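The following questions concern the terms applied to a structure and the criteria behind them. Please consult the sequence and the structure alongside.

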Amino acid sequence: MPAPKGYSSMQIGLHWLIAVLIALQFLFNEPIGDAFRQIEQGGVPGFSLLVWGHIAGGIAILLLVLWRVSLRLGRGAPDSPAGTPPLLHMGAAAGHLALYALMLLLPVSGLVAWFGGIGAAGEAHEVMTNLLLAVVGLHVVAALYHQLIRKDHLLLRMMRPGA
Ligand code: HEM
Ligand code: HEM
């Protein structure tokens with residue numbers, strides 16, 4: 001199957017919607033952390049909209065990422081911009097794979113921790129949130145490097161749909 005020239009509008013929409021939802025998960029995580037510790041110590045936390053917001057947001061992310069992965073497998077993604085050194089190309093492929101893996105494993109580990117009452121899954125969830133932060137940081141630096149230094153208009157690929 002030949003690589004498409006760009007991402008579809010659905011792939012682009014999902015990329016930015018999921019990025020915003022992930023930012024919200026980072027912003028609103030304290031109440032669920034407190035509630036989880038309370039449960040681990042044998043307590044029963046009261047109802048909190050922010051706790052259920054974190055759970056609902058995480059489930060929404062999981063479903064949207066599954067949709068996105070199916071689009072990615074069906075339609076593919078454009079090749080790296082012409083002239084991208086092979087090492088950068090491989091780095092981007094590995095980085096994108098890591099982002100997809102973390103976007104799937106994070107909600108799954110959260111669900112296992114909360115509904116299964118498994119502390120180790122909660123710890124894995126915390127570790128993976130830090131990993132996600134680091135990989136997204138590299139991802140943004142790479143996007144800016146392409147845009148500002150290589151000047152190959154990479155950012156436009158995640159803004160304007162291409163056939
Ligand atoms: C992609 C989706 C998600 C992201 C980005 C995310 C992000 C976070 C972050 C940043 C924390 C704080 C970690 C820390 O204290 O260092 C956290 C804690 C937590 N989240 Fe999520 N979360 C997601 C999905 C979920 C889901 C679906 C659940 C299911 C109930 C969940 C349950 C929890 C729990 C129980 C904690 C407390 C863990 C602990 O303190 O050991 N999360 N999450
Ligand atoms: C939580 C935040 C983010 C996540 C999880 C994320 C994830 C991803 C993933 C998995 C891809 C690969 C798409 C594919 O080939 O299937 C991608 C592509 C891309 N992202 Fe992000 N992204 C995030 C934030 C951002 C931000 C803030 C920017 C802008 C600075 C950005 C710019 C791009 C660009 C330009 C591409 C296309 C790269 C290419 O065509 O080689 N992303 N993103």
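A residue is near a molecule if its C-beta atom, placed from the backbone, lies within 6 Å of it. This is a predicted model, in which local features need pLDDT of at least 70 and side-chain atom pairs count only at pLDDT 80 or more, while totals for chains, interfaces and linings use all residues. Residues are numbered from 1 along each chain as its sequence is written, and chains are lettered from A and ligands numbered from 1 in the order in which they are written.

Q: What makes a residue part of the surroundings of ligand 2, and which are the closest?
A: By the 6 Å criterion, 19 residues surround ligand 2, the closest being Ala-19, Ala-77, His-96, Leu-99 and Met-158.

Q: Which helix gives the most to the shell around ligand 1?
A: Helices are DSSP runs (H or I, at least four residues), numbered from the N terminus. H4 gives the most, with 7 residues.

Q: How do the residues of the shell around ligand 1 divide?
A: Ala, Val, Leu, Ile, Met, Phe, Trp, Tyr, Cys and Pro count as nonpolar, Asp, Glu, Lys and Arg as charged, and the others, Gly among them, as polar. The shell around ligand 1 therefore divides into 13 nonpolar, 9 polar and 2 charged residues.

Q: At what angle do the axes of H3 and H4 cross?
A: The axes (lines fitted to C-alpha atoms over the stretch in contact, with angles from 0 to 180 degrees between N-to-C directions) cross at roughly 145° and come within 9 Å.

Q: Why is the crossing of H3 and H4 called left-handed?
A: The crossing of H3 and H4 is left-handed because the near helix is turned anticlockwise from the far one by less than a right angle.

How values were computed
Helix = DSSP H or I, 4+ residues; strand = E, 2+ residues; numbered from the N terminus.
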